[in-house]
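Here is a short briefing for a first look at this structure. Start with the view below, then read the points by topic.

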Amino acid sequence: MKVCVVGTGYVGLVAGTCFAEYGNEVICIDKDEKKISDLKQGIIPIYEPGLSELVERNHKEGRLHFSTSLKEGVESSEFVFIAVGTPTSDNGSADLRFVFAVAEEVGKAMNGYKIIVDKSTVPVGTADQVKAIIAKNTKHPFDVVSNPEFLKEGAAIDDFMRPERVVIGAESEKAAKKMSELYSPFVLNGNPIITMSIRSAELTKYACNAFLATKISFVNEIANLCDALGANYDDVRKGMGTDSRIGRQFLYAGIGYGGSCFPKDVRALLRTAEEVKAPMHIIQSVEDVNEKQKTRLTDKIFEHFNSTDMKGKTFGIWGLAFKPGTDDMREAPSIPLIYELHKNGAKIQVFDPAAAETSKYYFDGKVEYKKDAYSALQGADAMLLLTEWREFREPDFNKIKSLLKSPLIFDGRNQYKPTLMQELGFTYYSIGNR
C-alpha cells in the first residue's frame, strides 16, 4: 500500500519506517529541509533504539522516501497520516495549529479519494474539525480516521511492530476496512484491531495515558507515606503487584513522570473536561501530585544538609532524560531538581548516555557535562540517580565511594537495595524504601 506520513518527529518517523518495513511504499514529509536532507543521509533526528538501522535499510531498498513536498506525498498515496506535534498551549489544551495547517494543505493537494488519519494525539472532536477544513479545500471524496498511537519511548519499534491492540475510529466501513488491511500484518499474533467511533478512539488515547499517570502518582503517594510510617515501599509494591486486578506495571515509585505524553495528555484531558463542564477531580490530583513529587528528592537533600544553601557543595548526577532508552528531556524530573540546586549555589556534574545534547537547551551554563558516569562523581558531596539507565544498575560501589567526598547517595528511582547500601557503608536515600 502507498502511505504518506506528515511529520518526521517521534511518532511519524517510527510509524513511517515500520510501515515500510512491512513492505508498504512510504513517503515521510517534513517542511524542515535540513531534517529531510539528514534523513536521506541516514542521520536520525531522535534517539530510539533500532530505528536508525530500519530507516537506513528501508530507504536503501526503496520503500521509504523523504520529501519536503506535501503535495507529492498526498498525490502519490492512498493513506495520509497526520503525525505533527500537538504541544501544550498556555491554557493547558493541545495546540492544534500544526494539525489544522496540514489538513488545509492536504485538502488542496488531493487528487482522488484519500484516507486521512489523525495519528497525532488530539482532543475529542478534532477529527470533525479536520474533516471540515479538508472539505473546504477539495471536491474529492475522503474519509477521516482516528488512529491513536501507543508507543513507549525506548521501545517504540517493538510497540509498533507487535501492538497489544490497534484502535481505529472510523465513520465509514470502507475506511475501517482499508485501515484493517494496512495493519493486518502487525497483528498476526492474534492481538485485536478494535474499531469504534472516531470520538471514542480520540478519547481512548487520553484515557489510557491518564490512567497510567494515575497509577504513578498513586504509588508515589504510597511511597511517601512509607517514608513517614517507616514502611518499605518495595515490599508494598510486591504485595500490590501480585493482585491480578492491579498488576505489576507502573507500580515503581520515584520522582515523578515526564516526557512528551503523560504531562501533555493529562493537561489536555483536564482542559477538555473543563470545557464540557465535566470536572475530573482524580486526574487533577494526579497532575498536582506529580508536580510535587518532582521536588521530593530535593527536599531530602535539603533535609540531609539541614540547609537550602548549597554553596560549596558539588553533586554528581547520573541520568537526565525523563526515562531510560531516550534522549527526550521534555518535562524531565531532572529539570526542576537541577534548577533548584543551581539556584541555591550548588556545583553540578552530570552524565547521561543519550541526553547530553538535548539537555543543553535546559542546562547549558548550569551544569558541567562529564564523559562517563564515574567522572561525574569525582569530588562530589553526593551522588544523585535521576534516570534508571541499565548501565547504572550494578555499578562499582567501591569506586563510587572512592570518588565521592563522603559515601552519600540520593536515589530517585529506587535502583539499589537499602540493605546493601547499608552494608557497603553508604548513607542512602530513596523514595519510600528503608
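Two rings of Phe, Tyr or Trp count as an aromatic pair if their centres lie within 6.5 Å. By that rule, this predicted model holds 21 aromatic pairs. Disulfides number zero.

**Aromatic pairs**

- Phe19 and Phe160 form an edge-to-face pair. Their ring centres are 5.2 Å apart, with 90 degrees between the planes.
- Phe19 belongs to helix H1 (residues 10–21) and Phe160 to helix H7, so the pair ties together parts 141 residues apart in sequence.
- Are Phe19 and Phe160 buried or exposed? Both are buried.
- Ring pairs also join Phe19 and Phe160 into a cluster with Tyr22, Phe81, Tyr183 and Phe186.
- Tyr362 and Phe363 make a tilted pair, 6.3 Å centre to centre and with 55 degrees between the planes.
- Phe363 is buried, at 0% relative accessible area.

**Charges over rings**

- Arg165 lies over the face of Phe150, at 3.7 Å from the ring centre.
- Arg97 lies over the face of Phe98, at 5.6 Å from the ring centre.

- Phe150 sits in the loop between strand E6 (142–146) and helix H7 (156–161).
- Beyond residues up to four places away in sequence, Phe150 touches Asp159, Arg165, Val167, Thr204, Lys205 and Cys208. One of these, Arg165, is the residue over the Phe150 ring.
- Ala253 lies in the loop between helix H10 (233–241) and helix H11 (262–275).
- Ala253 has 6% relative accessibility and counts as buried. The cut-off for buried is under 20%.
- Setting aside neighbours within four places in sequence, Ala253 contacts Val219, Asn220, Ala223, Tyr233, Arg413, Asn414 and Ile431.

- A disulfide is a covalent bond between the sulfur atoms of two cysteines.
- A disulfide here needs the sulfur atoms within 2.5 Å.
- Seen from Cys261, the closest cysteine sulfur is in Cys208, again at 12 Å.
- Cys208 is partly exposed, with a relative accessible area of 25%. Cys208 is also among the residues that Phe150 touches.
- Where is Cys261 found? Cys261 is in the loop between H10 and H11. Ala253 lies in the loop between these helices too.
- Apart from neighbours within four places in sequence, Cys261 is in contact with Glu149, Asn209 and Val266.

How values were computed:
Residues are numbered from 1 along each chain as its sequence is written. This is a predicted model: local features need pLDDT of at least 70, side-chain atom pairs count only at pLDDT 80 or more; totals for chains, interfaces and linings use all residues. Side-chain values use heavy atoms; hydrogens and water are left out. Helices (H or I, at least four residues) and strands (E, at least two) are DSSP runs, numbered from the N terminus. Contact means heavy atoms within 4.5 Å. Buried means under 20% relative accessible area, exposed over 50%, partly exposed in between (1.4 Å probe, protein chains only). Rings of Phe, Tyr and Trp (its six-membered ring) pair if their centres lie within 6.5 Å; planes under 30 degrees apart count as stacked, over 60 as edge-to-face and the rest as tilted. A charge sits over a ring if NZ of Lys or CZ of Arg is within 6 Å of the ring centre and within 35 degrees of the ring normal.
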